[in-house]
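Me: I'm new to reading protein models. Could you walk me through one, starting with aromatic rings?

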Amino acid sequence: MVGSGLSNQVGAAIGSLAFPVIGPVGVVAVRQYVAAAVLLAVGRPRFRSFTWSQWWPVLLLAVVFGTMNLSLYTAVDRVGLGLAVTLEFLGPLAIALSATRRRVDVCCALLAVAGVVTLMRPQPSADVVGMGLGLLAAGCWAAYILLNRTVGRRIPGAQGSGAAAALSALMFLPVGIVVAVRHPPTAWAVGCAVAAGVLSSVVPCLADLFTLRRVPAPAFGLFMSVNPVLAAAVGWVVLGQRLGWPEWAGIAAVVVANALSIGTSRRTARRPAGSAAIRAAGRPRPRRDRARLRGEAACRRGLSPLGGAPEDAP
């Protein structure tokens with residue numbers, strides 16, 4: 001889990017080193033190509049067998065995938081790695097908080113909002129466009145999670161993710177050609193962009209795949225809460241992007257809000273739901289009921305923004 005988180009943030013930091021040459025658009029284009037090559041090899045989608053009910057979420061997922069990465073990397077270029085990743089993190093956090101109606105989740109939502117207000121406090125030098133792009137990335141990440149759940153239900157294996165990555169790379173193909181013609185890339189810039197694709201897409205995907213076989217999904221989601229902190233630390237060490245105490249306080253508020261939401265939901269899930277649940281626990285459930293409960297639990301895990309399937313990793 002540590003390796004996956006650090007690889008993701010280090011990849012983004014290395015990719016940003018190529019911004020002066022090919023810009024965020026060029027880096028994202030190369031990253032999409034790398035992700036498509038890997039996910040096509042892993043998923044091996046059978047495009048001809050897809051029906052329209054399978055195609056439309058794949059198409060939407062491809063658009064959201066590209067928009068999410070483009071808005072995030074542009075935000076990194078404008079406001080820094082730590083702030084951009086923290087704002088993007090609000091997307092999955094919003095899904096986690098909207099799925100329940102507990103008082104503790106209301107408190108977590110208020111804490112996260114306070115953190116965002118601290119991060120986005122109005123100043124003459126504040127980059128409103130960069131912060132808006134970070135929030136756009138958050139919305140895209142939330143949509144990415146929900147679409148991944150739909151694609152995973154309708155298309156077996158990793159075929160849907162592979163197809164979406166391939167379509168997204170195809171959409172960025174003319175963009176990459178235009179960038180290469182207008183801003184001829186150097187070997188250093190291309191190497192940084194490829195490294196970003198490998199470290200931010202391939203390594204986390206494989207690492208999370210093996211991690212989720214050994215670590216419970218809630219624990220995995222709880223650890224993912226520290227990604228904004230990792231992003232801020234990597235931005236400081238690799239890019240020299242120092243943050244003041246208000247920024248660190250805002251990042252800490254968002255991280256604590258997510259950790260509280262996931263940690264308390266685990267305890268609630270383990271707690272019996274009253275005498276009726278105790279009596280029901282003593283009776284063997286019919287096979288159909290057991291299957292239904294397993295399906296509902298899987299759906300809840302699919303809705304979880306940070307403890308979900310490996311398809312969410314890229």
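**Rings and helices**

Reply: Start with Tyr73, which is buried at a relative accessible area of 2% (buried is under 20%, exposed over 50%, partly exposed in between, with a 1.4 Å probe and protein chains only). This is a predicted model, where local features need pLDDT of at least 70, side-chain atom pairs need 80 or more, and totals for chains, interfaces and linings use all residues. Residues are numbered from 1 along each chain as its sequence is written, and side-chain values use heavy atoms, leaving out hydrogens and water.

Me: How many aromatic pairs are there?

Reply: A ring pair is described by the distance of the centres and the angle of the planes. Phe, Tyr and Trp rings (Trp's six-membered one) pair with centres within 6.5 Å; planes under 30 degrees apart are stacked, over 60 edge-to-face, the rest tilted. That rule gives six aromatic pairs. In one of them, Phe19 and Tyr73 sit edge-to-face, with 6.3 Å between centres and 65 degrees between planes. Phe19 is in helix α2 (residues 19-43) and Tyr73 in helix α3 (residues 52-79), so the pair ties together parts 54 residues apart in sequence (helices are DSSP runs of H or I, at least four residues, numbered from the N terminus). Phe19 is buried too, at 9% relative accessibility.

Me: What about Phe47 and Phe50?

Reply: Their centres are 6.1 Å apart and their planes at 55 degrees, so that pair is tilted. Phe47 is partly exposed at 34% relative accessibility, while Phe50 is buried at 9%. Phe47, Phe50 and Trp55 form one aromatic cluster.

Terms used: Helices (H or I, at least four residues) and strands (E, at least two) are DSSP runs, numbered from the N terminus.
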